[in-house]
Amino acid sequence: MTLRLNVDADAWRSHHRSLLEQVPGLVPVAKGNGYGFGLENCAREAVALGVDAIAVGTAHEVLPVRLAGWSRDVVVLNPWRPADPLATSLLEDEHVISTVSRTRDLDQLRQSHQRARIILELDTTMHRHGLRAADLDHVVTAGLALEGWAVHLPANGSLEEATALARAALAHQHAPVWVSHLSVADYAAFSTEMPVETRMRVGTRLWLGAPEVLATTATVLDVHPVKRGDRLGYHQARAPRDGFIVVTSGGTAHGIALAAPVPQRSLRQRINTIADGVMRAAGNALSPFTVGGRKRPFAEPPHMHSSMLFVAGRRPRVEVGDEVPVTCRMTTTRFDEVVLGQR
Ligand SMILES: *Cc1c(COP(=O)(O)O)cnc(C)c1O
């Protein structure tokens with residue numbers, strides 16, 4: 001019983017190479033669930049791409065990319081904080097570049113970790129982490145290895161914002177500039193304009209930028225005929241019509257959620273359904289599984305490793321062992337198998 005991500009590996013890799021050609025200085029981001037592929041696959045693809053640095057989200061993600069074979073520089077994107085012992089131990093690792101986003105942290109590192117390799121993150125209109133313009137006057141990096149300034153922009157970030165922030169930082173101290181979320185064209189313009197080396201951290205556009213080379217499927221595990229009014233599932237909801245329960249692989253453990261909105265129902269009804277966590281009658285919430293050419297409702301909320309769907313009518317349209325398409329949110333899905341093959 002398998003929730004599977006099928007990747008046309010040749011086409012996927014040719015997308016990686018073409019993006020790398022357009023984005024000199026690209027730094028692959030391998031974080032979280034590895035955008036559905038797993039951190040290990042991202043690390044191996046980054047090795048094959050021949051880039052000199054990879055970025056991970058947290059200190060905990062450094063080991064997994066190394067175990068997959070990555071041995072060059074690793075940038076930790078989440079800023080270092082004094083209370084994080086693992087992140088602190090990595091300050092002494094010669095292939096780890098840590099992000100610093102507060103002057104107090106910088107001052108502490110100057111005392112405690114001479115020679116740490118750091119990137120200083122600037123506050124942007126994101127306002128997630130970063131030094132503000134007024135902080136720049138208090139930035140002293142003496143003793144530390146300043147690998148660059150970081151500008152983490154909102155989605156579709158603005159070239160003007162990136163340029164203004166980078167200029168202010170470079171006026172204080174020259175170092176490479178690492179950006180996130182510029183378009184390919186804006187990044188090219190930015191690189192031309194900057195008097196220093198530029199890098200761009202890219203996850204989504206790299207791993208998920210060619211969706212046509214990916215296919216996500218679930219296995220049909222069981223098919224049962226039901227009559228209207230029959231009770232079913234943990235919650236013993238009633239079948240709304242004559243039809244079939246189709247049981248597929250893929251459940252809450254994989255990140256399959258009872259969240260697909262049904263357009264014809266009101267927002268309030270939807271909120272109630274989700275808030276209840278239980279459907280009063282089977283077949284109220286559209287599932288991400290496609291059976292017989294269209295998305296089918298859940299018969300009840302997804303289980304840990306499987307989902308019960310309701311297929312109305314006289315034919316179930318699938319049989320045990322079939323693979324059916326399932327729409328997955330790639331950053332929250334944990335696939336049982338990622339198959340790098342031909343399609
Ligand atoms: C996650 C992250 C990225 C990559 O974002 P994508 O939208 O997946 O390309 C880049 N920079 C930072 C700081 C991030 O946290």
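Glu323 and Arg4 join their side chains in a salt bridge, 3.5 Å from N to O; that term means a Lys or Arg side-chain nitrogen within 4 Å of an Asp or Glu carboxyl oxygen. Glu323 sits in strand 17 (residues 323–325) and Arg4 in strand 1 (residues 3–8), so this pair ties together parts 319 residues apart in sequence. Strands here are DSSP runs (E, at least two residues), as are helices (H or I, at least four), numbered from the N terminus.

Keep in mind that the model is predicted: local features need pLDDT of at least 70 and side-chain atom pairs 80 or more, while totals for chains, interfaces and linings use all residues. Residues are numbered from 1 along each chain, and side-chain values use heavy atoms, leaving out hydrogens and water.

**Salt bridges**
- The whole structure has twelve of them.
- Asp52 pairs up with Arg199 at 2.8 Å, N to O.
- Asp52 is in the loop between helix 2 (39–49) and strand 3 (53–56), and Arg199 is in strand 9, so they tie together parts 147 residues apart.

- Buried means under 20% relative accessible area, exposed over 50%, and partly exposed in between (1.4 Å probe, protein chains only).
- Arg4 is buried at 18%, whereas Glu323 is partly exposed at 37%.
- Arg199 is buried at 7%, while Asp52 is partly exposed at 38%.
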